[in-house]
Each structure stands twice: as structure tokens, then as C-alpha cells.
Amino acid sequence: MAVTGIGGFFFRAKDPDALGAWYAHHLGVGGPPYGQWETQAGTSVFSPFKADTDYFAVDRPWMLNFRVDDLDRLCDSLTAAGIDVIRDPAWDAPGVGRFVRIHDPEGNPIELWEPSVAG
């Protein structure tokens with residue numbers, strides 16, 4: 001017996017309805033009913049970090065990571081919507097993929113990951 005995948009991600013928000021709408025509109029995540037959306041099977045990482053990590057903001061206890069299939073197109077869309085997209089080539093890893101960071105309207109960090117294509 002083992003866990004077969006992530007069943008949900010639940011967190012507090014100052015304005016849950018507005019934040020849910022932001023995620024649905026800009027990232028295609030969630031939506032009625034109950035914030036559900038269908039995902040594609042693929043790698044998920046579950047990795048606790050040291051309490052003093054600088055991989056993400058020290059004032060945040062977590063960072064959400066989403067797999068994406070066209071990072072450049074999504075970044076263009078986010079930028080056009082006025083969302084700051086942070087790129088650092090040091091985050092990219094051959095054989096793993098490319099990464100960028102954004103923040104939701106409540107300041108929560110989100111990492112967007114386009115996995116490398118095996119070839």
C-alpha cells in the first residue's frame with residue numbers, strides 16, 4: 001500500500017474566492033466545483049527543505065511547483081497580464097528542466113517547471 005499521487009493542496013487565503021479565480025484564470029488550476037482540475041500523470045516532487053533554505057522566501061513556509069508544457073508561452077501570457085516572471089538560469093538543470101518563479105496576488109511563491117524532454 002502506498003500513496004498514488006497528490007489529492008489536493010489546501011492553504012489559507014485572505015480572499016479565497018479572488019485567489020481561486022486568479023489561479024484558474026492565469027494558470028488553469030482549479031475552478032468549479034471545489035477547485036478541481038484534471039492533471040496529467042508525471043513526476044511530482046515531495047521535498048522538505050531545511051528551515052533556513054534560501055531556495056524560496058524565508059517568510060513563506062512553502063512554495064508550490066507546477067509542471068507546465070510550454071514555459072515560454074505561459075511566461076508571455078503572464079507577463080502580458082502584468083505578472084512579474086522571475087528567471088534565473090542557475091535554476092535550470094540539464095536533464096531536469098527549466099524553471100521560473102511568479103507570486104500570486106497574496107505573495108505566495110510559485111515555481112513553474114517545464115521538464116526536459118528525454119531524447
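Me: Hi! Which helix does leucine 78 lie in?
Reply: Leucine 78 lies in helix α2, which covers residues 71–80. Helices are DSSP runs of H or I with at least four residues, strands are runs of E with at least two, and the numbering starts from the N terminus. Keep in mind that this is a predicted model, where local features need pLDDT of at least 70, side-chain atom pairs count only at pLDDT 80 or more, and totals for chains, interfaces and linings use all residues. Residues are numbered from 1 along each chain as its sequence is written, and side-chain values use heavy atoms, leaving out hydrogens and water.

Me: Thanks! Is leucine 78 buried or exposed?
Reply: Leucine 78 counts as buried because its relative accessibility is 0%. Buried means under 20% relative accessible area, exposed means over 50%, and partly exposed is in between, using a 1.4 Å probe and protein chains only.

Me: And what does leucine 78 touch?
Reply: Not counting residues up to four places away in sequence, leucine 78 touches His26, Leu27, Ile83, Val85, Ile102 and Leu112. A contact means heavy atoms within 4.5 Å.

Me: Let's follow up on His26. Where is the place of histidine 26?
Reply: Histidine 26 is in helix α1, residues 16–27. Histidine 26 counts as buried because its relative accessibility is 19%. Apart from neighbours within four places in sequence, histidine 26 is in contact with Leu74, Leu78, Ala81 and Ile83.

Me: New topic: the strands! In what order do the 4 strands sit in the sheet?
Reply: The order is β1-β4-β3-β2, in an open sheet with mixed pairing. The edge strands are β1 and β2 (86–87), and each of these pairs on one side only. Two strands pair if DSSP finds at least two bridges between them.

Me: In what sense do β1 and β4 pair, parallel or antiparallel?
Reply: β1 and β4 (residues 109–115) pair in the parallel sense over 4 bridges. Asparagine 65 has glutamate 111 as its bridge partner in β4, phenylalanine 66 has leucine 112, and arginine 67 has tryptophan 113.

Me: Tell me about Phe66 then. What is phenylalanine 66 in contact with?
Reply: Setting aside neighbours within four places in sequence, its contacts are Tyr23, Leu27, Val29, Trp37, Ile110, Glu111, Leu112 and Trp113. Phenylalanine 66 has a relative accessible area of 13%, so it is buried. Phenylalanine 99 is 33 residues away from phenylalanine 66 in sequence, and 9.8 Å away in space, C-alpha to C-alpha.

Me: Back to β4: how many of its residues are buried?
Reply: 6 of the 7 are buried, so β4 is largely enclosed by the rest of the structure. β4 also pairs with β3 (residues 97–103) in the antiparallel sense, over 7 bridges. Glycine 97 stands opposite proline 115 in β4. β3 and β4 form a hairpin with 5 residues between them, and glycine 107 in the turn has a positive phi of about 85 degrees.

Me: Zooming out, how do the elements run from the N terminus on?
Reply: They run α-β-α-β-β-β, which comes to 2 helices and 4 strands.

Me: Last one: what percentage of the 119 residues count as buried?
Reply: For the protein chain, that is 28%.
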